[in-house]
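Visitor: I have a model open and would like a guided walk through it. Could you take my questions one by one?

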Amino acid sequence: MPLYKTITVSSSIKLYIWKIEESEAQLSEGIRLTPHCQNRMDGMKSELHRRGFLSIRHLMAEAGYVDEDLYYDEAGKPHLKDGRHISITHSHEFTGIIISGTQEVGIDIEMQREKILRIANKFTPIEEYRTIANTDALIQKLTIVWGAKESIFKIYAKQGLSFLHHVDVKDFSFADNLTTAEVLYHGDSSSYDIHFLEFEGFTCVYALKT
């Protein structure tokens, strides 16, 4: 089973990444889904989505949880019944979860693609990045910014939050592998530590609410 990477963020926060290489039948072995989650998976037309869904249950098992330990609120945000925080992500052949016993957390994995250049102005002030002449570096940077905002949204989980207008990711260098971000929405402000890593043309970003 290809558990791809495990990162101990702190004594109470751990991140797990899976690379999906098994068949759906292989991933189904040893996994017992709740009726709710079985219905969700049965409704997925994409085999890769179903395999991703099952691989996340294997990641949860690595952390000592089963599907029964997970539930979703009205906004679709996942929670663990023991009160610890969890966030989940799936992108192509990679899935990931982050679990925290203290801070609220969010995670996002994204494939680095040129498409992000076309949509950048919808989620960040693109003029901030005009000094980056190298296209590949620009794709890398924008993917990190998008992943940071996605991770924050998974924590914030309120409809109407605008990535462009309400979430500000502070500038950063690739070498630092971290930055900070702020949300200002309807007079409510919150701050986040952002961490990122790259592998096989993908970017993983995770946010910790401070």
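Visitor: Is Glu 29 buried or exposed?
Guide: Happy to start there, with a word on the source: this is a predicted model in which local features need pLDDT of at least 70, side-chain atom pairs count only at pLDDT 80 or more, and totals for chains, interfaces and linings use all residues. Residues are numbered from 1 along each chain as its sequence is written, and side-chain values use heavy atoms, with hydrogens and water left out. Buried means under 20% relative accessible area, exposed over 50%, and partly exposed in between (1.4 Å probe, protein chains only). Glu 29 has 53% relative accessibility, so Glu 29 counts as exposed.

Visitor: Where does Glu 29 lie?
Guide: Helices (H or I, at least four residues) and strands (E, at least two) are DSSP runs, numbered from the N terminus. On that numbering, Glu 29 lies in the loop between α1 (24–28) and α2.

Visitor: How do α2 and α3 pack, and at what angle?
Guide: Two packed helices are described by the angle between their axes and the distance between the axes. Axes here are lines fitted to C-alpha atoms, for helices over the stretch in contact, and angles run from 0 to 180 degrees between N-to-C directions. For α2 (residues 35–42) and α3 (residues 47–62), the axes are 9 Å apart and the angle is about 150°.

Visitor: Which orientation do α2 and α3 therefore have to each other?
Guide: Angles under 35 degrees count as roughly parallel, over 145 as roughly antiparallel, 65 to 115 as roughly perpendicular and the rest as oblique. With an angle of about 150°, α2 and α3 are therefore roughly antiparallel.

Visitor: Which residues of α2 and α3 meet?
Guide: Contact means heavy atoms within 4.5 Å. From α2 come Cys 37, Arg 40 and Met 41, and they meet Arg 50, Phe 53, Leu 54 and Arg 57 of α3.

Visitor: How many residues of each class are in the contact of α2 with α3?
Guide: Ala, Val, Leu, Ile, Met, Phe, Trp, Tyr, Cys and Pro count as nonpolar, Asp, Glu, Lys and Arg as charged, and the others, Gly among them, as polar. Sorted that way, the contact has no polar residues, three charged and four nonpolar.

Visitor: Is Gly 52 buried or exposed?
Guide: Gly 52 has its place in helix α3. Leaving aside neighbours within four places in sequence, Gly 52 is in contact with Ile 20, His 90 and Thr 95. At 0% relative accessibility, Gly 52 counts as buried.

Visitor: Is Lys 141 buried or exposed?
Guide: Lys 141 is found in helix α5. Beyond residues up to four places away in sequence, Lys 141 touches Tyr 129, Ile 132, Asp 171, Phe 172 and Phe 174. The relative accessible area of Lys 141 is 9%, so Lys 141 is buried.

Visitor: How far apart in space are Thr 210 and Ser 191?
Guide: Thr 210 sits in the segment after β11 and is exposed, with a relative accessible area of 55%. Not counting residues up to four places away in sequence, Thr 210 touches Gln 103, Ser 191, Tyr 192 and Asp 193. Thr 210 and Ser 191 are 19 residues apart in sequence, and their C-alpha to C-alpha separation is 5.6 Å.

Visitor: What is phi of Asn 177?
Guide: Most residues other than glycine have a negative phi. Asn 177 lies in the loop between β8 and β9 and counts as partly exposed at 38% relative accessibility. Its phi is positive, near 60°.
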